[in-house]
Amino acid sequence: RYAYGIRTGVRTAADFTINLGFRPTKIRVVNLTDRIEATHYVDPAPVTGTTTYGLDAGANVKSLVTVAAGTRTYAAAGIALTTDGMGFTVDVSVASLETDDDDCFFEAWG
């Protein structure tokens with residue numbers, strides 16, 4: 001399964017949730033305006049309660065983050081599965097994956 005979408009227009013940056021209808025295994029969120037990208041690989045472990053799984057599961061979930069200069073790090077990006085595992089939430093304060101009025105793109109594979 002695959003899903004993608006864009007967030008564009010005049011707006012204030014805010015955390016957002018995307019409901020997919022399937023359990024993603026890989027999530028990519030790109031701030032096209034500022035050229036910041038995060039790819040999040042989801043641990044295949046089952047989702048239970050409010051646990052969010054990632055390669056470094058728990059409170060320190062990490063993604064592969066690339067900034068405009070091309071630097072890539074394995075760091076927190078603010079991407080987490082929803083409690084039912086059928087979507088994801090982005091905390092924009094963590095890696096600037098969305099800022100005011102930016103064009104953003106997301107895609108997910110399941």
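How many residues lie between strand 5 and strand 6 in their hairpin, and which residue in the turn has a positive phi? The legends below take up this question and then turn to the charged pairs. This is a predicted model, in which local features need pLDDT of at least 70 and side-chain atom pairs count only at pLDDT 80 or more, while totals for chains, interfaces and linings use all residues. Residues are numbered from 1 along each chain as its sequence is written, and side-chain values use heavy atoms, with hydrogens and water left out.

**View 1. The hairpin of strand 5 and strand 6**. Five residues sit between the two strands, and Gly70 in the turn has a positive phi of about 95 degrees. Strand 5 pairs with strand 6 (residues 72–75) in the antiparallel sense over four bridges. Here strands (E, at least two residues) and helices (H or I, at least four) are DSSP runs, numbered from the N terminus, and two strands pair if DSSP finds at least two bridges between them. Look for Thr66, whose bridge partner in strand 6 is Arg72.

**View 2. Strand 4 beside strand 5**. Strand 4 (residues 36–41) and strand 5 (residues 63–66) run antiparallel and are joined by three bridges. Thr66 turns up again here, standing opposite Glu37.

**View 3. Arg28 with Glu37 and Glu107**. A salt bridge is a side-chain nitrogen of Lys or Arg within 4 Å of a carboxyl oxygen of Asp or Glu. Between Arg28 and Glu37, the closest N and O atoms are 3.0 Å apart. Arg28 also meets Glu107 in a salt bridge, at 2.4 Å from N to O. Glu107 belongs to strand 9 and Arg28 to strand 3 (residues 26–31), so this pair ties together parts 79 residues apart in sequence. For accessibility, buried means under 20% relative accessible area, exposed over 50%, and partly exposed in between (1.4 Å probe, protein chains only). Glu107 is buried at 8%, whereas Arg28 is partly exposed at 23% and Glu37 is partly exposed at 23%.

**View 4. Arg7 reaching Glu98**. The salt bridge between Arg7 and Glu98 has its closest N and O atoms 2.7 Å apart. The pair links distant parts of the chain, 91 residues apart: Arg7 is in strand 1 (residues 2–7), and Glu98 is in the loop between helix 1 (92–95) and strand 9 (104–109). Glu98 is buried, with 1% relative accessibility, while Arg7 is partly exposed, with 23%. Four salt bridges are found in the whole structure.
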